[in-house]
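Here are a few friendly notes to read with the model open beside you. Take them one at a time and find each spot as you go.

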Amino acid sequence: MRNPSSGRLSAPSVEVLHLRYVAAAADHSSFRRAATTLNITQPTLSKHIRELENRLGVLLFKRSTAGVQLTAIGKDFVDSARRVLAELEMMENRAKAGRVGDAGRLDIGFYASLSMGPLKDAILSFASRHPDVEINLNEESRASLISLLDRGALDIVVLLGEPNYPDYAHKSLWSDRIMVALPKDHPLVAKEFVYWTDLKNERFLMSRRDPGPEIQDILLSKLSSPGDRPRIKQIKANRGLVLSMVEGNRGITLNCECATGILLQGVLFREVRDGNGPTRIGYVAYWRRNNDNPALKQFLNVLQSRPVAAPPGNLPHTP
């Protein structure tokens, strides 16, 4: 077909409506039955198919009083039309799923262990409910996570402590028990749990990496007094190495319960209490107020449904 204004050949215009009409007529071998299925009149369907044939310059159907049959060219055309219609349906479904958070991408930042606990459970639950959402996990330091969140590289970050970033929307989530890691031959392992006062004369090994600083703040608040501070050795190492040093009787350390999944034969964990019961540290989720990612909203619903307190877990215990 020649474009009168340019003198150049232009492709015939094929609309999605044409594809639907041709596919329906091919399925039913009848314009009348196809029109009934599509809830339109037979003259309307016949007119559009004839219009398409004129634009293409080919005959797609052989007409007879018994109905219609595809020509050889028509069979090839209908095969292509069905592939196009199927792809369009998939595109539409993906778009609808993305709009409600059932598809797309979600970037999650954290620095606490995912070996166990509500955060791991929440991510697995979300992945199960929304299998078409691509989930990207980012384990970074607190400072790095906030920077990535600010730049829009992360949808949400989960941090320990009280809410203290007012520029972001936030939700307080569950809490985690503070556990003390002791060498297996330490006198305190005979107890089911220990009090902070039991730890007053101990040497603490604390990681400088997250979440060590938050836990150290709790330690200082519990055992510091005017002129008296707990003995703390700061170590630039991960939790696993710190626990290895505990196993070697170099001192003791504190961990969130979710981090007690790192088990060493020579290390046992005990819950730490004060007069009000177990000492806990909370988790807070932060996200940008203008983040309109539907998958984020769905993940927030999953987070909110998690239990307030972390489950006890399988902790080594000596009777």
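1. Let's start with a hairpin: β1 is joined to β2 through two residues. Strand β1 (residues 61–64) and strand β2 (residues 67–70) pair in the antiparallel sense over four bridges, where pairing asks for at least two DSSP bridges between two strands. Look for Lys 62, whose bridge partner in β2 is Gln 69. Strands here are DSSP runs of E with at least two residues, helices are runs of H or I with at least four, and both are numbered from the N terminus.

2. This is a predicted model, in which local features need pLDDT of at least 70 and side-chain atom pairs count only at pLDDT 80 or more, while totals for chains, interfaces and linings use all residues. Residues are numbered from 1 along each chain as its sequence is written, and side-chain values use heavy atoms, leaving out hydrogens and water.

3. How confident is the predictor? The protein averages a pLDDT of 85, and 86% of the residues score at least 70; pLDDT is the predictor's confidence in each residue, from 0 to 100.

4. Please read two stretches with care. Over residues 1–11 pLDDT stays under 50, and the model has nine contacts for them beyond four places in sequence. Residues 308–319 also stay under 50, with 31 such contacts. Contact means heavy atoms within 4.5 Å.
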